[in-house]
Structures are given as structure tokens and as C-alpha cells.
Amino acid sequence: MKQVFNFSAGPAVLPKPVLEKAQAELLNYNNTGISVMEMSHRSKMYEDILQAAKSNLKKLMAIPDNYSILFLQGGASLQFHMVPLNFAQNKKIGVIDTGNWSLKAIEEAEKINGTTVEVLASSKDKNYSYIPSINSIPDDLAYLHITSNNTLEGTVFTDYPDTDVPLVLDASSNILSCDLDVSKFALIYAGAQKNIGPAGVTVVIIRNDFKSDVENLPSMLSYENMIKTDSMFNTPPTYGIYVANLVFEWILDQGGVLAITEANRDKANRLYDYIDSSDFYTCPVDGKDRSINNIPFKTGSETLDNVFIKKAEEQNLINIKGHRLIGGMRASLYNAFPSEGVDSLIHFMKTFKEETK
Ligand code: PMP
């Protein structure tokens with residue numbers, strides 16, 4: 001099998017030991033003679049997998065006892081709709097506008113009956129290249145929505161406001177890859193396909209006193225119903241949850257989230273240091289707000305960027321093309337991205353620069 005380094009922003013690289021374990025267990029899980037894919041979600045065997053996934057995630061993120069952990073479907077994009085549907089009908093929410101995904105959260109919230117959105121801060125003036133500061137937070141907000149890591153723009157929040165307004169966090173692109181104080185948030189959600197597992201699972205961590213006052217919500221869109229049924233109102237994404245649990249076990253084996261954060265920081269710093277020291281590549285993001293997960297960079301010429309992307313692919317450095325809205329390149333260095341892949345990229349960048357000059 002050829003050695004490929006996959007810089008995809010998601011679905012993204014998974015830890016090799018996880019894929020190997022899934023492969024080894026594919027046909028015959030734990031001597032049951034069947035695959036997890038073929039197992040009833042109501043069976044004892046599957047119940048054990050679900051509970052293990054919850055307890056491992058709880059351990060990894062130090063989730064306090066007064067929170068519920070849900071495994072839902074519909075991606076983070078459904079959460080853009082489900083959160084205001086439950087908590088903000090005929091109410092006002094606040095949003096920090098940090099780019100593409102926060103704009104989607106605004107757009108979907110505005111479709112809800114009577115929800116109004118107040119943008120409390122925005123970094124639109126400089127192409128979303130920094131994290132704006134929040135001057136004041138009105139106390140009549142149903143909640144304040146923040147996107148912790150901006151996958152396209154490559155910015156990240158490191159501080160969250162101290163406020164009595166419930167905080168809702170879209171942590172899709174940095175959950176489990178940096179330390180997060182869960183107790184600051186009323187609700188955290190994340191699509192799985194970057195740091196958790198295969199696409200199709202959405203993790204929601206919700207404080208039990210953050211309750212909807214809306215009656216008769218559709219069952220599939222009611223957090224209360226999903227908490228009551230322990231994510232089993234209907235058939236959950238069983239195989240995705242199983243792989244997520246293998247990833248959780250792998251992170252625990254690596255020493256937990258703090259150890260992974262250190263490794264991620266090291267990978268990202270090496271790339272940023274090279275970009276900053278070169279007179280050829282630039283990263284548009286302010287130093288203090290740089291994401292360690294998604295690193296956008298450019299050569300300054302769109303034509304050259306395209307050549308870079310093509311040649312990188314020929315060297316098995318794949319999916320390094322930036323998002324179509326941003327252009328240039330983007331290296332997504334999630335938990336499972338190997339350190340040697342960063343060395344290979346930097347080596348390639350040096351060679352490309354020499355060949356081009
Ligand atoms: N929020 C962020 C920060 C994301 O990066 C993404 C996907 N890349 C989404 C939301 C949307 O996720 P999904 O495709 O799971 O709906």
C-alpha cells in the first residue's frame with residue numbers, strides 16, 4: 001500500500017490502529033460471529049459499545065455529571081437548526097461571526113419561527129483572518145453561539161466569555177484536539193468526521209438544565225427526547241459510534257487530550273515556523289488566533305497555488321487544496337495526522353520553492 005499523507009479538512013485521516021482494529025473486528029465482533037454493522041442497536045452487545053463510547057468521551061473531556069452525551073445524525077449542519085428550534089423560537093440569540101460556518105449558523109437560525117440574530121462581533125472586515133473581541137453581551141439572549149475553530153479560515157478561539165448567557169459551541173473542527181472546559185458551555189456540538197470518526201455521527205454534549213420550553217417538537221429534533229432515550233429513539237448510527245469509541249480509546253492510549261494537544265501544537269508550529277521564515281509562502285491569519293488544526297497558506301499567485309496542489313498530489317500529499325471560498329492551500333492537521341506528514345510537507349514546500357524561483 002502506498003504511503004499517502006491526507007490533509008483533508010473532513011472526512012479526515014483516522015488513526016491507523018483504529019482502522020486496523022475495525023478491520024480485524026469487521027466480520028466477527030468479540031466472537032459474536034457477526035459484524036457491529038449487523039447488530040441490533042437494542043442488543044446487550046451494542047448497548048455496551050454505546051455506553052463505553054459515552055464513558056470514554058466523558059473521561060477524555062472531563063465532562064461533568066450534570067451533562068448528557070448524545071450521538072445524533074444530520075451533521076453539525078442540523079445543529080445549526082436544532083439548537084434555535086429548541087431554545088430560541090421567538091427569542092433573540094447572539095452569534096460571533098467568524099466566517100463561513102458561523103454564517104451558516106446564522107442563516108439556519110433565522111429560518112426558525114421568530115428567532116432574531118444579533119451579531120455581537122465580526123471579523124469580516126479583515127476577511128475573517130482574526131478572532132474579534134466581544135465588547136458586551138446583552139443579558140436577554142437565549143444563547144450565544146460561537147464557532148471554536150474556523151475550519152476554512154484557520155482561526156481559533158482560545159478564550160471564551162464569562163457570562164450568564166448560555167454558551168453554545170460548534171466545536172466540529174477542534175473537539176478533542178485541544179483542552180476545553182466543558183463546564184463553561186450549555187451545549188457543545190461537533191460533526192464526527194474530523195477528530196472523532198466517520199461522517200454520519202454528531203456528538204452533542206448538553207447541560208441537563210439547558211431545557212427547551214417548546215412543546216411538541218418533532219421527536220428527532222428534541223434534545224429532551226434524545227436525552228430520555230439515550231440517543232436510541234430510533235436506530236442510531238451504530239457503526240460510526242463504534243469507530244468513534246475506537247478513536248476515543250486511541251486518544252486515551254496516547255495520553256489523553258492534553259498529550260494530543262501538545263503533539264498537535266508541535267505539528268502546527270513546525271509548519272507555521274516554516275511558512276513565516278520563508279519569503280515565498282504566507283498565512284493570512286493573525287499569529288495569536290492561528291488554528292493548530294487547519295492551516296491555510298498561499299504562494300501569492302493563484303496559478304502557482306494550482307501547480308503546488310497538483311505536484312503535491314503527485315508526491316502523495318493529498319487533499320491540500322484550500323476551500324473553494326478561500327483559495328490557496330490548507331493543511332488540516334487533526335489528531336490522527338502523523339508528524340512525519342508535516343516533515344514531508346515542509347520538505348515538499350522547500351523543494352517547490354527552489355524549483356519555482
Ligand atoms: N461547523 C464547522 C466548524 C465545520 O467545519 C463543519 C464541516 N466542515 C460544519 C459545521 C458542518 O458540518 P457537517 O458537514 O457535519 O454538517
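Biologist: How many cavities of 30 Å³ or more does a search of the whole structure find?

Modeller: Please keep in mind that this is a predicted model. Rolling a probe the size of a water molecule over the atoms shows where empty space is left. When the whole structure is searched and spaces of 30 Å³ or more are kept, the number of cavities found is three.

Biologist: Which helix gives the largest share of the lining of the largest cavity?

Modeller: The largest cavity holds about 80 Å³ of space, and its lining divides into five nonpolar, three polar and three charged residues. Among the residues that line the largest cavity are Asn-86, Phe-87, Ile-206, Arg-207, Tyr-223, Glu-224 and Ile-227. At least two lining residues come from each of α3, β10 (202-207) and α5 (223-228), and the largest share, three residues, is supplied by α5.

Biologist: Turning to the open spaces, which residues that line the largest pocket are closest to its centre?

Modeller: The largest pocket contains about 660 Å³ of space, and 27 residues line this pocket. By class, that lining divides into 15 nonpolar, seven polar and five charged residues, while β1 (5-6), α1 (16-24), α7 (256-277) and α9 (339-356) each contribute at least two residues to it. Closest to the centre of the largest pocket are Val-4, Val-13, Leu-14, Lys-16 and Pro-338.

Biologist: Which helix gives the most to the lining of the second largest pocket?

Modeller: About 400 Å³ of space lies in the second largest pocket, whose lining has eight nonpolar, eight polar and six charged residues. Of the 22 residues that line this second largest pocket, Val-156, Phe-157, Thr-158, Cys-178 and Arg-265 lie nearest its centre. With five residues, the helix that gives the most to this lining is α7.

Biologist: What percentage of the area that the ligand exposes when taken alone does the protein bury?

Modeller: A polar backbone atom of Ala-76 is 3.0 Å from an oxygen atom of the ligand, and a polar side-chain atom of Ser-77 lies 2.6 Å from a ligand oxygen atom. For Lys-194, a polar side-chain atom is placed 2.8 Å from a nitrogen atom of the ligand. Taken alone, the ligand exposes 390 Å², and the share of that area buried by the protein is 85%.

Biologist: Now to the backbone: is the peptide bond from Gly-10 to Pro-11 cis or trans?

Modeller: Pro-11 has its place in the loop between β1 and α1. The peptide bond that leads from Gly-10 to Pro-11 has an omega near -10°, and this bond is cis.

Biologist: Where does Asn-127 lie?

Modeller: Although Asn-127 is not a glycine, this residue has a positive phi of about 55°. As for its position, Asn-127 lies in the loop between β4 (116-122) and β5 (144-147).

Note on methods
Residues numbered from 1 in each chain as written. Predicted model: local features only at pLDDT ≥ 70, side-chain atom pairs only at ≥ 80, totals over all residues. Heavy atoms only, no water. Polar contact = N/O pair within 3.5 Å; in protein donor to acceptor, adjacent residues only side chain to side chain. Areas by Shrake-Rupley, 256 points an atom, 1.4 Å probe, with all protein chains shown as cover. 1 Å grid on protein atoms, 1.4 Å probe; cavity = no way out; pocket = protein on both sides within 12 Å on 5 of 7 lines; lining within 4 Å. Points joined across faces, edges and corners; volume = space filled by probe spheres on them. Helix = DSSP H or I, 4+ residues; strand = E, 2+ residues; numbered from the N terminus. Nonpolar A, V, L, I, M, F, W, Y, C, P; charged D, E, K, R; others polar.
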